[in-house]
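Take a look at the protein below.

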Amino acid sequence: MADDYLVRIGKLIRDARQHRGWTQTQLAEALGTSQSAVNRIERGNQNISLEMIARIGEALDSEIVSLGYSGPMHLRVVGGRRLSGSIDVKTSKNACVALLCGSLLNKGRTVLRRVARIEEVYRLLEVLNSIGVRTRWINDGTDLEIVPPASLDLDAMDADAARRTRSIIMFLGPLLHRMDHFRLPYAGGCDLGTRTIEPHMIALRRFGLDITATEGIYHAVVERTAPDRPIVLTERGDTVTENALLAAARNDGVTVIRNASSNYMVQDLCFFLEALGVRVDGIGTTTLTVHGMADIDVDVDYSPSEDPVEAMSLLAAAVVTESELTIRRVPVEFLEIELAVLEEMGLDHDRTAEYAADNGRTRLIDLTVRPSKLEAPIDKIHPMPFPGLNIDNVPFFAAIAAVAQGQTLIHDWVYDNRAIYLTDLNRLGGRLQLLDPHRVLVEGPTRWRAAEMMCPPALRPAVVVLLAMMAAEGTSVLRNVYVINRGYEDLAERLNSVGAQIEIFRDI
């Protein structure tokens with residue numbers, strides 16, 4: 001391997017390590033090597049095998065080098081271009097992963113329509129296939145067919161794929177009805193600080209699930225029982241609520257779940273459970289009453305709704321690039337607070353009359369955004385559980401606030417690290433001041449400038465950086481974009497279809 005390649009790979013490894021917040025010693029411990037060896041690798045002074053590169057990428061949850069993989073690795077962005085035309089919102093990433101986990105409840109054939117073809121979905125499919133579930137893309141790759149085996153082979157689980165997705169935690173709810181004991185790898189996903197699974201455990205213990213964690217594995221033992229009183233969730237989280245719903249769906253009785261999330265992916269899961277024959281009362285509220293079934297064996301066909309966070313991403317793209325863009329199939333009931341805030345900031349936009357999504361329940365609109373002179377909001381931007389401003393939409397307000405006149409305070413109180421990643425916008429000309437790990441002060445307007453940088457390891461801040469690059473005159477490079485592919489299908493190509501200029505490339 002040529003010396004210049006060693007230097008370039010070393011730089012990629014160093015950047016990935018720093019973005020994960022690790023020291024060289026921590027990476028060395030994960031690899032079973034010495035700190036000095038890691039130091040030599042990062043300086044390009046150490047011959048390194050492809051196997052070692054793959055091990056480093058796995059340890060850092062970062063695609064350092066991609067071999068035999070057709071997806072994008074880096075993005076080259078020619079900025080300063082206006083967007084125009086119209087673009088459709090894809091189906092919800094978070095709903096799709098919940099429904100994939102939910103398919104484990106069903107002995108029959110499940111067909112999910114217009115499933116998001118993203119890395120998070122691919123990882124779950126790899127896990128499902130490894131334990132015996134047959135899946136195939138049908139209808140020209142648009143829809144997904146899922147057929148379970150008579151019995152699951154959990155000992156054959158693809159642990160590497162499981163560790164790369166936090167969604168694996170939602171296997172607990174359905175599996176506790178199928179197995180008396182089983183093992184799952186620790187949940188992975190975005191690097192957003194410490195997130196315990198204790199709220200999941202508190203809910204699922206009521207169904208007889210007991211878990212001990214050792215050496216990167218959850219060891220589950222089940223002594224099935226039915227909750228004798230309402231389950232009160234200690235955290236109004238989306239995946240916590242979904243896990244409780246999945247457990248309740250095959251509890252042969254009535255389960256009441258209080259302090260439940262009523263967010264978009266939870267509602268889609270409830271609609272799917274109803275298609276399986278499970279009655280769910282209170283959808284859209286914080287109290288869900290589930291009338292479970294001991295056995296579910298039906299052929300089901302379900303269409304998840306569109307993704308409100310992707311809709312917000314596309315809206316922010318139009319705002320930051322000062323473009324006129326029509327965003328079609330926007331799930332407005334999950335963006336109403338965001339739109340109300342943007343209206344107060346001065347957003348010029350039109351919306352069509354509401355119409356139903358393919359699930360027959362979610363309300364959609366088409367939204368046209370035009371170049372606007374925005375003013376910073378008087379109040380801080382902060383998330384709240386639905387129907388408040390969506391937690392995942394908060395980062396997009398960093399880019400929007402950066403083009404508005406005045407100072408905007410963003411308080412991202414949910415995640416430990418995410419606000420820190422927003423300060424990556426400073427490398428593109430932004431003026432963001434980190435007040436503490438959760439609060440960022442944004443000064444606008446911004447004169448964006450091109451830069452080459454590493455992709456943040458958290459999904460939404462990574463997309464925010466990409467949007468800023470689209471607004472910056474000149475050519476920018478965003479390296480190692482696996483995290484974006486976890487949550488967005490063909491994002492670069494789709495943005496190019498409305499006027500962006502983004503090239504997908506790989507170094508090696």
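Is cysteine 270 buried or exposed? Cysteine 270 is buried, with a relative accessible area of 1%.

## Confidence

This is a predicted model. The mean pLDDT of the protein is 90. Of its residues, 94% reach 70 or more.

One is residues 66-71, with ten contacts beyond four places in sequence. Another is residues 189-195, with 28 such contacts. Where pLDDT is low, the predicted coordinates should not be read in detail.

## Cysteines

A disulfide is a covalent bond between the sulfur atoms of two cysteines. The count here is zero.

## Aromatic rings

The whole structure has three aromatic pairs. In one, tyrosine 264 and phenylalanine 334 have ring centres 6.0 Å apart and planes at 65°, so the pair is edge-to-face. Tyrosine 264 is in helix α11, while phenylalanine 334 is in the loop between β14 and α13, 70 residues apart. Tyrosine 264 is buried at 4%, and phenylalanine 334 is buried at 7%.

Phenylalanine 272 and tyrosine 302 form an edge-to-face pair too, 5.9 Å centre to centre with 70° between the planes. Phenylalanine 272 lies in helix α11 and tyrosine 302 in strand β13, so the pair ties together parts 30 residues apart in sequence. Both residues, phenylalanine 272 and tyrosine 302, are buried. Tyr264, Phe334 and Phe386 form one aromatic cluster.

## Charges over rings

Arginine 76 lies over the face of phenylalanine 505, 4.0 Å from the ring centre. The charged end of arginine 117 sits over the ring of tryptophan 137, 4.0 Å from its centre.

Note on methods
Residues are numbered from 1 along each chain as its sequence is written. This is a predicted model: local features need pLDDT of at least 70, side-chain atom pairs count only at pLDDT 80 or more; totals for chains, interfaces and linings use all residues. Side-chain values use heavy atoms; hydrogens and water are left out. pLDDT is the predictor's confidence in each residue, from 0 to 100. Contact means heavy atoms within 4.5 Å. A disulfide is a pair of cysteine sulfur atoms within 2.5 Å. Buried means under 20% relative accessible area, exposed over 50%, partly exposed in between (1.4 Å probe, protein chains only). Rings of Phe, Tyr and Trp (its six-membered ring) pair if their centres lie within 6.5 Å; planes under 30 degrees apart count as stacked, over 60 as edge-to-face and the rest as tilted. Helices (H or I, at least four residues) and strands (E, at least two) are DSSP runs, numbered from the N terminus. A charge sits over a ring if NZ of Lys or CZ of Arg is within 6 Å of the ring centre and within 35 degrees of the ring normal.
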